[in-house]
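Trainee: I have a structure open that I have never looked at before. Could you walk me through it?

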Amino acid sequence: MSAADVQILMDMGFSKDHVERALNATGHKGVEPAMDWLLSHGPEIEEESRSAAAAATATATSEPRLDLTAAAGTPAATTTTVTDNGGSSEEQQAGKPGEEQTAKSIKCDVCGKLFQSNLEVEFHATKSGHDQFSESSEEKKPLTEEQKRQQLQLIEDKLKQKRAEREEKEKQEALERERDRIRSGKEMAEARKKLEELEMKKILEQRRREKEEDRMARQRIREQIEADRAARRLKAQGGSEAAAAQAAVAPAPVAKPPVAQNTNNSSQNYTETRLQIRLTDGKSLTQSFGCKEQLAAVRLYVEMHRTDGAEPFDLMTTFPRKVFAENEYDMPLDLLGLVPSAVVIVKKKSVV
């Protein structure tokens, strides 16, 4: 039984016994079916309540009495009723002319309302805060048709009000959930946008590095071409073959130091390197590492993310082809020529 349904119906003026009876009769389907049942069976419930109250009152106020009539030949006018305490009823009536009559209801001394049961008194005291009650010989009169219509209208108004409050609460909750959804969507969109920006920056940086490497390679090719042209010119002018050969070879030492120097400077400017790691099953992993990280960090990353099994392996490069030795795993990546980008191949460890 729902305590909320019981409390709502009790707030409308129904007693707890009637409310529980209505909920049981309607199968606990809610407030409205129980209220309809109470309104349709109201007269029957009131009649049963009055009958039960009258029976209880009669049982509580009845006292055993003994009627003694005069003996044979004695005038019947001398009949006397003797109670169980030894005195006659006439003496008690004469001795107690102001004796109170049987209590038929309980009266609130503050507002004057009448109640038929202690449950109604407790409900009224809880709702109004009144704490002064006394027994009364007045009988609580049943509601008239007009009062019943007014009570029914009051109940319907309360139901409408509670329904409106519930709908308003549900509407506010729906709006709050929609706000949370929108706020969560915005946060996810912002996080996705930041991630895309970081990825775009990495791609642009990679492209810039590749362009710089291409430019340096073209520069070296142009220098070599110029050296070859100078050698051919010397040979065409009638110089000796030794001089031509010396002219063809001479620019090389001059051109190589700047190239080597630029390469070293370029490596020193890089802080990260991007490695493409090809596994034995054909799949590949791509990850960025610090230029000063050891090759052992790459091997650890492969061990944690590989999908081609757990067999022992070596790392190698294809251009130039080289299988890294055990002592090289403690060396930084820039000294191993793996900066700014490189392809590393996972190779099954050779069995000696």
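This is a predicted model: local features need pLDDT of at least 70, side-chain atom pairs count only at pLDDT 80 or more; totals for chains, interfaces and linings use all residues.

Trainee: Now the core. Which residues touch the most other members?

Mentor: In the largest nonpolar core, which has 19 residues, those touching the most other members are Leu 275, Ile 277, Leu 295, Val 298, Leu 315 and Leu 338. At least two residues of this core come from each of strand 6, strand 7, helix 10, strand 8 and strand 10, and helix 10 gives the largest share, with 4 residues. As a general point, nonpolar side chains tend to be buried together in soluble globular proteins.

Trainee: What is Ile 277 in contact with, if we skip its neighbours within four places in sequence?

Mentor: Leaving those neighbours aside, Ile 277 is in contact with Lys 283, Ser 284, Leu 285, Val 298, Tyr 301, Val 302, Val 344 and Val 346. There is also a second, separate core of 16 residues, and among its members are Met 10, Ala 22, Met 35 and Ile 45.

Trainee: Switching to charges: how many salt bridges are there?

Mentor: The count comes to 16 salt bridges. One of them joins Arg 299 and Glu 326, whose closest N and O atoms are 3.7 Å apart. That pair links distant parts of the chain, 27 residues apart, since Arg 299 is in helix 10 while Glu 326 is in the loop between strand 9 and strand 10. Arg 299 and Glu 326 also belong to a network of salt bridges together with Asp 314 and Lys 349.

Trainee: Is Arg 299 buried or partly exposed, and why?

Mentor: Arg 299 counts as partly exposed because its relative accessibility is 22%, and buried would require a value under 20%. Glu 326, at 47%, is partly exposed as well.

Trainee: What about the pair Lys 348 and Glu 311?

Mentor: The side chains of Lys 348 and Glu 311 meet in a salt bridge at 3.9 Å, N to O. Lys 348 lies in strand 10 and Glu 311 in the loop between helix 10 and strand 8, so this pair ties together parts that are 37 residues apart in sequence. Lys 348 counts as exposed at 52%, whereas Glu 311 counts as partly exposed at 42%.

Trainee: And Arg 306 with Asp 308, buried or exposed?

Mentor: Both Arg 306 and Asp 308 are buried, and their salt bridge has its closest N and O atoms 2.7 Å apart.

Trainee: Last one: where is Ser 136?

Mentor: Ser 136 lies in strand 5, residues 133-136, and it is buried, with a relative accessible area of 9%. Apart from neighbours within four places in sequence, Ser 136 is in contact with Ala 103, Lys 104, Ser 105, Lys 107 and Leu 114.

How values were computed: Residues are numbered from 1 along each chain as its sequence is written. Side-chain values use heavy atoms; hydrogens and water are left out. Buried means under 20% relative accessible area, exposed over 50%, partly exposed in between (1.4 Å probe, protein chains only). Contact means heavy atoms within 4.5 Å. A salt bridge is a side-chain nitrogen of Lys or Arg within 4 Å of a carboxyl oxygen of Asp or Glu. A nonpolar core is a set of buried Ala, Val, Leu, Ile, Met, Phe, Trp, Tyr and Cys residues joined through side-chain atoms within 4.5 Å.
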